[in-house]
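Here are my notes on the model, point by point. Please read them with the coordinates open.

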Amino acid sequence: MNVPVPVAVIVLAAGAGTRMRSKTPKVLHEICGRSLLLHALDAARGTHTDQIVAVVRHERERVVGHLADVADDVLIADQDDIPGTGRAVQCGLDRVSAESGTVLVTYGDVPLLDAQTLQDLVAEHEEHGSAVTVLTARIADPTGYGRILRDPSGQGVLGIVEHKDADADQLAITEINSGIYAFDLAVLRSALQRIGTDNAQGEMYLTDVLAIAREDGGIVRALLTEDALLVEGVNDRVQLAQLGAEMRRRILERHMRAGVTLVDPATTWIDAEVSIGQDTIIRPGVQLLGATSIGEDAEIGPDSTLIDTDVADRASVVRTHANLAVIGEEATVGPFTYLRPGTELGARGKIGGFCETKNAVIGEGAKVPHLSYVGDAEIGEGTNLGAATIVANYDGVHKHRTVIGKHVHVGADSVLIAPVTIGDGADTGAGTTVRADVPPGALAVNATSMRIMEGWSLQRRAGTAAAQAAEAALANQQSVTRPEQGAEEEGNR
């Protein structure tokens, strides 16, 4: 079955959004890891249209800059000083190259609207050869919304009456105008040329197109969506939070129905772009953000935040904060671990508790088990870093890289001062400071003898708790030693 495709989608994103009380343009506020505008553009892109046009005005440079970063295929249209949605669409049409076909008009602040609903709108519009098809919804409290006036058959739309202009019977109508339309392109171009600003607001109203289309003999219909939240827009931060919560709920449900176990959905946050494989378990307190990707049969959490991080099949990540990291198959990470950008952990590798890594490639089966910092380093397969190993990558001016070979054993409490290379199969002794390259198979140690200076705390820290404890311990040793000596002397007589 061929799915009808609109020749263009015009996304209106020119409004100031003053009720947001924000220096950030409304359409750039985010829910579930995407701006409101990007959610709208993703829905538009899902219609498979050849042209998407964003109409901008307020904070133009910021909005256009955002589009350049996330959707550089979108055409930009600038709304001029003439206010109103009708004028905004007219400016958008200047960028549409087609001469005929269906054009959709939607908004940059309706984040739950999806591609399927837009496709259904186009299909309904083209099936009946309509001039205009408006997307509508029924809501319990339609206060403030324009009401849909249907003809006696219930199929055609006579018009839209704004709340402030509605009489008592019209106020009782619960079917409201979403402001989202499918238009015949030629009808839209013609009607907009005949719309003026002679009204109380001094604006070009897009809704006037419906009356003009009917007067010209065109068919005007409505498509009623059963899910009113799909067409709900964000006007303030309360609605931003409400729609964000609803989107998160839908995202969580989608993953669970696809075979992911969410132990506690109430404490689990998953952004819109995240992918998760079947039979993965997400434990409480987990945030999967950005473009994070999780494989199958993995286990994430509890209490972990992964940002733009890739986790392969059967890996385990516990109480970890990771950003722009890669975790290989069957690898283990955590607890209380910080993976900074550029960390790559190979298959069956380990980064254990209280470790921090940055720009570090850790090979297959290699281990950084605990209490270590590894920055700007390459670690070969099968290598083990002992507890409290520090890769000192910064000399105060520049960062330097350390290379550790395969099957190397780095002793506990070692410091590797970059740039150094430790060859395959080499070792370092516990407490070693490595300042020069270590050849393959060699042992690097700092040869210093341990000295014992008896009575040091009694002399240097007299009167302190440490000195008093030492005095008590020495006295106790002497009291234990004397009876043994006395018994030995008695036996010798």
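1. Is S304 buried or exposed? S304 counts as buried, at 1% relative accessibility; buried means under 20% relative accessible area, exposed over 50%, and partly exposed in between, with a 1.4 Å probe and protein chains only. S304 is found in strand β19. Helices (H or I, at least four residues) and strands (E, at least two) are DSSP runs, numbered from the N terminus. S304 is in contact with G285, V286, Q287, V317, V318, R319 and T320, leaving aside neighbours within four places in sequence; contact means heavy atoms within 4.5 Å. A polar atom of the S304 side chain lies 3.4 Å from the backbone oxygen of P302.

2. Ground rules. This is a predicted model, in which local features need pLDDT of at least 70 and side-chain atom pairs count only at pLDDT 80 or more, while totals for chains, interfaces and linings use all residues. Residues are numbered from 1 along each chain as its sequence is written, and side-chain values use heavy atoms, with hydrogens and water left out.

3. Strand β22 (residues 320-323). Its side chains alternate. T320 and A322 point to one face and are buried. Strand β19 (residues 304-307) runs parallel to β22, joined by 3 bridges; two strands pair if DSSP finds at least two bridges between them. L306 stands opposite A322. β22 also pairs with strand β25 (residues 337-339), again in the parallel sense and over 3 bridges. There, Y338 is the bridge partner of H321.

4. Most residues other than glycine have a negative phi, and most peptide bonds are trans. D303 is not a glycine, yet its phi is positive, about 55°. D303 lies in the loop between β18 (299-300) and β19. With a relative accessible area of 41%, D303 is partly exposed. D376 also has a positive phi, near 50°. D376 lies in strand β30 (residues 373-379). D376 is buried, with a relative accessible area of 7%.

5. Cis peptides. G334 and P335 are joined by a cis peptide bond, with omega about 5°. P335 is found in the loop between β24 (332-333) and β25. A cis peptide bond also joins A418 and P419, with omega about 0°. P419 is found in the loop between β35 (415-417) and β36 (421-422).

6. A buried arginine. R221 is found in strand β11 (residues 220-225). R221 is buried, with a relative accessible area of 12%. Which side chains make polar contacts with R221? E124 does, at 3.2 Å. H128 does too, at 3.4 Å. A polar contact is a pair of N or O atoms within 3.5 Å; within protein, one must be able to donate a hydrogen and the other to accept it, and residues adjacent in sequence count only if both atoms are side-chain atoms. The contacts of R221 beyond four places in sequence also include S130, V132, T133, V134, Q155 and V157.

7. Helix α3 (residues 85-93). Of its 9 residues, 8 are buried, so α3 is largely enclosed by the rest of the structure. The buried ones include R87 and Q90. The cover includes β1 (8-13), β4 (52-56), β5 (75-78), β6 (102-107) and α6 (185-192).

8. Nonpolar core. The largest one has 123 residues. Such a core is a set of buried Ala, Val, Leu, Ile, Met, Phe, Trp, Tyr and Cys residues joined through side-chain atoms within 4.5 Å. I10 and L288 have the most contacts inside it. Not counting residues up to four places away in sequence, I10 touches, among others, V53, V55, V89, G92 and L93.

9. Cysteines. How many disulfides does a search of the whole structure find? It finds 0; a disulfide is a pair of cysteine sulfur atoms within 2.5 Å. C32 counts as buried, at 7% relative accessibility. C355 counts as buried as well, at 3%.

10. Annotation. An unreviewed UniProt entry annotates residues 9-138 as "domain: MobA-like NTP transferase". UniProt positions are given in the numbering used here, feature names are shortened, and annotations may be inferred rather than shown by experiment. In the model, the span is 33% helix and 24% strand, and its end C-alpha atoms lie 24 Å apart.
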